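Have the coordinates open as you read.

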2 protein chains.
Amino acid sequence: MAYTIPALAKLAEQFERMPGIGRKSAQRMAFHVLSLSDSEAAEFANAITEAKRNIHCCPVCQNLTDGQLCPICQNPARDKSVICVVEDAQDVIAFERTREFDGLYHVLHGVISPLDGIGPEQLRIKELIARLADGTVNEVIMATNPTVDGEATAAYISRILKPIGVKVTRLAYGIPVGGSLEYADEVTLSRALDGRSEI
Amino acid sequence: MAYTIPALAKLAEQFERMPGIGRKSAQRMAFHVLSLSDSEAAEFANAITEAKRNIHCCPVCQNLTDGQLCPICQNPARDKSVICVVEDAQDVIAFERTREFDGLYHVLHGVISPLDGIGPEQLRIKELIARLADGTVNEVIMATNPTVDGEATAAYISRILKPIGVKVTRLAYGIPVGGSLEYADEVTLSRALDGRSEI
């Protein structure tokens with residue numbers, strides 16, 4: 001007596017695989033698709049196919065792009081002496097939103113995580129080393145996440161890069177702006193103390 | 001200097017139109033699509049197109065189906081003397097999950113809502129009246145949502161159906177099972193008192 005509409009269940013299942021989407025949300029999304037007009041639904045299906053077909057990794061910085069090079073590597077106004085190393089393409093978008101950084105990026109596509117079976121050879125580390133060969137880069141900013149895996153990856157890469165003679169830096173730790181000291185964990189608070197500066 | 005990848009932005013925009021999905025979730029979902037294999041992405045796009053193409057309203061109960069009639073109307077074991085009137089196809093799924101109701105359904109596809117410009121003629125009310133013509137239906141259960149619009153719709157339809165001579169009932173109001181009296185609103189609580197039954 002189980003009641004399902006196969007085509008609808010199949011669609012809901014696709015949405016359910018998305019990060020952060022549960023069964024009920026997936027069902028609502030599937031019903032939303034049915035409420036679209038034929039052309040809107042076709043446009044949606046097309047957006048998936050097009051994004052998948054056209055987007056690939058920039059051969060220089062490994063960021064996602066639909067052009068030959070990514071718009072950041074192509075931009076002559078960007079400072080080519082600094083590379084900010086991030087885990088994912090999402091992190092590039094987060095940094096670009098600050099409008100504070102005008103150097104280049106390098107996307108690792110993950111972090112070293114022995115538990116998940118991800119070793120350094122699965123990351124785009126050799127592509128990063130290749131970019132340092134011609135000596136235009138003075139500084140590499142390690143901007144991996146402040147997690148155990150992110151820290152380990154930053155430490156690993158900096159150990160490789162230091163013999164090359166490039167300056168390797170790490171993002172500052174501290175209390176988030178707008179946060180409350182009351183809710184800050186001890187490690188963050190002690191790092192904020194360590195990193196204090198004169199006003 | 002704004003940095004976007006057009007194909008990715010277009011995809012994220014599609015997800016952002018979904019109910020309950022904000023800008024950040026939409027972006028994560030778009031990145032998820034990029035992480036799929038080619039065949040998985042094609043399957044996803046296909047699920048949208050197929051669902052949209054194959055799913056239509058059952059000519060009898062107006063529920064969604066991909067067959068000629070919906071599986072519930074087709075099922076000879078269902079009790080044809082009771083019709084449960086709901087707002088949306090999602091509500092049918094919710095009732096079917098209880099495994100308690102073995103009658104038929106009628107999906108209105110909305111509620112009367114003057115503020116949104118939805119009048120009774122936009123709902124599938126005449127299709128409901130047509131189903132009552134042959135006299136097999138003894139009872140119509142009004143199972144619209146307990147909102148102002150849902151109540152008004154239930155009242156409107158019951159006024160039309162009563163002269164036909166069919167019994168019209170409404171879902172019980174009361175405290176939800178597992179809920180806490182402390183958090184129940186006054187209207188619900190007084191309705192639960194009114195509807196009390198002997199143990």
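Predicted model: local features only at pLDDT ≥ 70, side-chain atom pairs only at ≥ 80, totals over all residues.

Residues are numbered from 1 along each chain as its sequence is written, chains are lettered from A and ligands numbered from 1 in the order in which they are written, and side-chain values use heavy atoms, leaving out hydrogens and water.

Contact here means heavy atoms within 4.5 Å.

**Helix packing.** Helices (H or I, at least four residues) and strands (E, at least two) are DSSP runs numbered from the N terminus. Helix H3 (residues 38–54) of chain A and helix H3 (residues 38–54) of chain B have axes that come within 9 Å and cross at roughly 180°. Axes are lines fitted to C-alpha atoms, for helices over the stretch in contact, and angles run from 0 to 180 degrees between N-to-C directions. H3(A) and H3(B) are therefore roughly antiparallel to each other, a label for angles over 145 degrees. The residues meeting there include A:Phe44, A:Ala45 and A:Ile48 from H3(A), and B:Phe44, B:Ala45 and B:Ile48 from H3(B).

There's also a contact between H2(A) and H5(B), packed at about 145° with axes 11 Å apart. Among its residues are A:Arg28 and A:Phe31 of H2(A), and B:Ile93 and B:Arg97 of H5(B).

**Cores.** A nonpolar core is a set of buried Ala, Val, Leu, Ile, Met, Phe, Trp, Tyr and Cys residues joined through side-chain atoms within 4.5 Å. The largest one has 50 residues, and those with the most contacts inside it are A:Phe15, A:Phe44, A:Ile48, B:Phe15, B:Phe44 and B:Ile48. Helices H1, H2, H3 and H5 of chain A and of chain B each give two or more residues to this core. Leaving aside neighbours within four places in sequence, A:Phe44 touches residues including A:Phe15, A:Val33, B:Met18 and B:Ile48. A second, separate core of 32 residues includes B:Leu128 and B:Val168.

Buried means under 20% relative accessible area, exposed over 50%, and partly exposed in between (1.4 Å probe, protein chains only). Most residues other than glycine have a negative phi.

| Residue | Phi | Relative accessibility |
|---|---|---|
| A:Arg99 | about 55° | 59%, exposed |
| A:His109 | about 60° | 27%, partly exposed |

A:Arg99 lies in the loop between H5 and strand E4 (103–107) of chain A, and A:His109 in the one between E4 and helix H6 (125–131).

Over in chain B, B:Thr136 sits in the loop between helix H6 (125–131) and strand E5 (139–142). B:Thr136 is partly exposed at 44%. Not counting residues up to four places away in sequence, B:Thr136 touches B:Lys80 and B:Ser81.

Technical notes. Parallel < 35°, antiparallel > 145°, perpendicular 65-115°, else oblique.
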